[in-house]
Amino acid sequence: MSVRTQSSEPSEAIHRAGFACFVGRPNAGKSTLTNALVGQKVAITADQPQTTRHTVRGIVHRPDAQLILVDTPGLHKPRTLLGERLNDVVRTTWAEVDVIGFCLPANEKLGPGDRFIAKELASIKKTPKIAVVTKTDLVDSKTLAEQLIAIDRLGKELGIQWAEIVPVSAVGDKQVQLLADLIIPMLPESPPLYPEGDLTDEPEQVMVAELIREAALEGVRDELPHSIAVVVEEMLPRTDRPADKPLLDIHANVYIERPSQKGIIIGPKGKRLKDVGIKSRRQIEALLGTPVFLDLHVKVAKDWQRDPKQLRKLGF
């Protein structure tokens with residue numbers, strides 16, 4: 001409870017700014033929540049695990065605060081060198097943010113994956129932790145109540161003091177703003193850290209690559225869940241265009257691990273790759289606010305997830 005005392009001096013409004021990150025097992029709704037809070041698509045979302053590879057920051061601007069959301073890859077038991085690197089990225093991020101939101105889907109019982117992350121969270125003592133119950137639009141009130149009790153119990157068992165337990169639905173836009181209202185008082189007093197209007201500090205090329213990767217994953221989830229990487233080789237404005245009709249040329253390579261996967265990505269008579277181009281081009285144009293010519297090529301980078309040299313080349 002906060003008690004306000006009257007003062008004869010008019011007090012200046014306090015402005016807060018700081019970093020929060022959402023954690024949770026893969027597909028717990030972290031990226032969708034980031035997008036809902038920012039109000040624009042900045043983090044790649046997909047309905048299968050391990051699609052968030054880069055730390056994409058979404059920035060929520062409010063008159064009283066600036067909340068910078070750091071979207072980390074899901075922490076998991078690593079099976080490859082890439083997996084180990086991603087886990088290191090996660091732990092470093094957790095130690096540096098002001099607030100951690102632990103995302104737990106309302107429609108799935110707490111499992112070993114949640115417990116694995118909760119144990120890791122319990123070892124990070126100083127950072128306030130909010131349990132965010134996602135996907136509440138998929139359950140009835142009885143199931144939701146049971147999940148809230150289970151999360152409270154998990155915290156007690158592992159010695160985590162939840163600052164809040166908040167049910168949200170990013171898709172139905174339920175309680176998303178409430179979540180922001182609860183996070184902001186936990187941020188330090190600070191002027192804005194980013195210019196007004198910025199939504200993310202990711203380089204545009206990285207965001208463009210993520211949009212292409214998301215489109216390329218669609219329809220091949222089962223066959224190639226993790227073996228697609230995208231590198232934007234260049235983004236250049238076309239020189240012979242008049243100022244009022246600009247065109248941005250984007251050349252990108254879609255990398256897969258084995259030659260046999262090439263046909264899956266390209267599709268019969270190139271149809272799949274063409275669809276990937278059309279879908280991602282629309283999203284890129286919306287993101288950059290300019291017409292785009294997108295040139296896509298599929299290349300093989302053999303077993304890139306296990307090869308340190310390839311990982312570096314592909315930006316990991």
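Modeller: Let us begin with Ile 151, which is found in helix 4. Helices (H or I, at least four residues) and strands (E, at least two) are DSSP runs, numbered from the N terminus. This is a predicted model, in which local features need pLDDT of at least 70 and side-chain atom pairs count only at pLDDT 80 or more, while totals for chains, interfaces and linings use all residues. Residues are numbered from 1 along each chain as its sequence is written, and side-chain values use heavy atoms, with hydrogens and water left out.

Colleague: Why is Ile 151 called buried?

Modeller: Buried means under 20% relative accessible area, exposed means over 50%, and partly exposed lies in between (1.4 Å probe, protein chains only). Ile 151 has a relative accessible area of 0%, so Ile 151 is buried.

Colleague: Which residues is Ile 151 in contact with, leaving aside its neighbours within four places in sequence?

Modeller: Contact means heavy atoms within 4.5 Å. With those neighbours set aside, Ile 151 is in contact with Leu 104, Leu 110, Ala 131, Val 133, Trp 162 and Ile 165. Val 133 is 18 residues from Ile 151 along the chain, and their C-alpha atoms are separated by 8.9 Å.

Colleague: What makes Thr 93 and Thr 127 count as buried?

Modeller: Thr 93, placed in helix 2, has 9% relative accessibility and therefore counts as buried. Thr 93 is 72 residues from Cys 21 in sequence, with 7.9 Å between them in space, C-alpha to C-alpha. Thr 127 belongs to the loop between helix 3 and strand 5, and its value of 8% makes it buried. Beyond its neighbours within four places in sequence, Thr 127 is in contact with Trp 94, Val 97, Asp 98, Val 99 and Ile 100.

Colleague: Is Lys 135 buried, partly exposed or exposed, and how do you know?

Modeller: Lys 135 lies in the loop between strand 5 and helix 4. Its relative accessibility is 22%, so Lys 135 counts as partly exposed. Gln 175, in the loop between strand 6 and helix 5, has a relative accessible area of 38% and is therefore also partly exposed. Phi is positive in both of these residues other than glycine, near 60° in Lys 135 and near 65° in Gln 175.

Colleague: How do you know that the buried residues of helix 3 line one face?

Modeller: The buried residues of helix 3 (residues 112-122) are Asp 114, Ile 117, Ala 118, Leu 121 and Ala 122. Seen down the axis of helix 3, they fall within an arc of 140°, so they line one face of the helix. The arc is that of the directions from the helix axis to the C-beta atoms. Pro 112 and Lys 119 are exposed on the face turned away from the buried side. The buried residues of helix 3 pack against strand 1, helix 2, strand 4, strand 5 and helix 4.

Colleague: What puts the buried residues of helix 5 on the same side?

Modeller: In helix 5, the buried residues include Val 176, Leu 179, Ala 180 and Ile 183. Their arc around the axis is only 100°, which puts them on the same side of helix 5.

Colleague: At what angle do helix 6 and helix 8 pack, and which residues make the contact?

Modeller: Helix 6 (residues 204-217) and helix 8 pack at an angle of about 145°, with their axes 8 Å apart. Such axes are lines fitted to C-alpha atoms, for helices over the stretch in contact, and the angles run from 0 to 180 degrees between N-to-C directions. Among the residues making the contact are Met 207 and Leu 211 of helix 6 and Val 276 and Ile 284 of helix 8. The residues of this contact divide into 10 nonpolar, two polar and four charged. Ala, Val, Leu, Ile, Met, Phe, Trp, Tyr, Cys and Pro count as nonpolar, Asp, Glu, Lys and Arg as charged, and the others, Gly among them, as polar.

Colleague: What makes Thr 290 buried?

Modeller: Thr 290 lies in the loop between helix 8 and strand 9. Its relative accessible area is 17%, and therefore Thr 290 is buried. Apart from its neighbours within four places in sequence, Thr 290 is in contact with Pro 246, Leu 248 and Glu 285.

Colleague: How many helices and strands does the protein have, and what share of its residues is buried?

Modeller: The protein has nine helices and nine strands, and buried residues make up 47% of its 316 residues.
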